[in-house]
Amino acid sequence: PTITMAPSYGPSESNTAFNAGIVFTPDYVCDANPKECGCPNLLGKDYRGSISETRFGRECINWGARLIKKHPNAGLEENFCRNPDRRTGGPWCITNKFENGYNWVYCDVP
């Protein structure tokens, strides 16, 4: 994705830009396509692609109802990698194997 300094926009202008597929943050504009990659400045929170395996090649499992309810707008569909809580390592998913006490692992999302 391309990230550039954002000019100052009013609320209606930034909403129009967001609807056009450009994500605005207070200081940056990222023109990433959320179905292909996530914006680094958003830690991949906007990623909506179909990668469904961890960095180590493990298959992700479906998101549980509890997490979907906790993060209703995070796109927790099927078993796709997401970052609903803005973890610093980017999109992650749940696996059926525990490693170091955790059953979630980061994914390789561009």
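Tutor: In this predicted model, the side chains of Arg-87 and Asp-85 meet in a salt bridge, with 2.9 Å from N to O. Asp-85 counts as partly exposed, because its relative accessibility is 34%, between the limits of 20% and 50%. The count of salt bridges comes to 2. The other pairs Asp-108 with Arg-55, the closest N and O atoms being 3.7 Å apart. Arg-55 is partly exposed, with a relative accessible area of 41%. Side chains of opposite charge can pair when their charged atoms come close.

The disulfides come next. A search of the whole structure finds 2 of them. One joins Cys-60 to Cys-93, with an S to S distance of 2.0 Å. The torsion about its S-S bond is about -75°, so this disulfide is left-handed. Cys-60 belongs to the loop between β3 (28–30) and α2, while Cys-93 is in strand β4 (residues 92–99); the pair therefore links distant parts of the chain, 33 residues apart. Cys-60 and Cys-93 are both buried. The other disulfide is formed by Cys-81 and Cys-107, whose sulfur atoms are 2.1 Å apart. With -80° about the S-S bond, the link of Cys-81 and Cys-107 is left-handed. Distant parts of the chain are linked here too, since Cys-81 lies in the loop between α2 and β4 and Cys-107 in the segment after β5 (102–106), 26 residues apart. Burial again applies to both Cys-81 and Cys-107.

Two further residues show what surrounds these cysteines. Thr-54 lies in the loop between β3 and α2 and counts as buried, because its relative accessibility is 3%. Not counting residues up to four places away in sequence, Thr-54 touches Cys-60, Cys-93, Thr-95, Val-105, Tyr-106 and Cys-107. These contacts include both cysteines of one disulfide, Cys-60 and Cys-93, and Cys-107 of the other. Val-109 is placed in the segment after β5. With the neighbours up to four places away left out, Val-109 touches Cys-37, Gly-38, Tyr-47, Ile-51, Cys-81 and Pro-91. Of these, Cys-37 counts as buried, at 10% relative accessibility. Val-109 and Glu-36 are 73 residues apart in sequence, yet 8.2 Å apart in space, C-alpha to C-alpha.

The aromatic pairs number 3. The rings of Trp-92 and Trp-104 have their centres 5.7 Å apart and their planes at 65°, so this pair is edge-to-face. Trp-92 is in strand β4 and Trp-104 in strand β5, 12 residues apart, and the pair links distant parts of the chain. Trp-92 is buried, with a relative accessible area of 3%, whereas Trp-104 is partly exposed, at 24%. Trp-104 also forms an edge-to-face pair with Tyr-106, at 5.1 Å centre to centre and 85° between the planes. One aromatic cluster is formed by Trp-63, Trp-92, Trp-104 and Tyr-106.

The largest nonpolar core has 7 residues, namely Trp-63, Leu-67, Ala-74, Leu-76, Trp-92, Ile-94 and Tyr-106. A second, separate core of 6 residues includes Tyr-47, Cys-60, Cys-81 and Cys-93. In soluble globular proteins, nonpolar side chains tend to be buried together.

The protein has a mean pLDDT of 77, and 72% of its residues reach 70 or more. Confidence is highest in helix α2 (residues 65–70), at a mean of 90, and lowest in helix α1 (residues 11–19), at 42. Over residues 1–28 the pLDDT is below 50, although this stretch has 41 contacts in the model beyond near neighbours in sequence. Where pLDDT is low, the predicted coordinates should not be read in detail.

Methods: Residues numbered from 1 in each chain as written. Predicted model: local features only at pLDDT ≥ 70, side-chain atom pairs only at ≥ 80, totals over all residues. Heavy atoms only, no water. pLDDT = per-residue confidence, 0-100. Helix = DSSP H or I, 4+ residues; strand = E, 2+ residues; numbered from the N terminus. Contact = heavy atoms within 4.5 Å. Core = buried A, V, L, I, M, F, W, Y, C linked by side-chain atoms within 4.5 Å. Buried < 20%, exposed > 50% of the residue type's maximum accessible area, 1.4 Å probe, protein only. Disulfide = S-S within 2.5 Å. Salt bridge = Lys/Arg side-chain N within 4 Å of Asp/Glu carboxyl O. Phe/Tyr/Trp six-rings, centres within 6.5 Å; stacked < 30°, edge-to-face > 60°.
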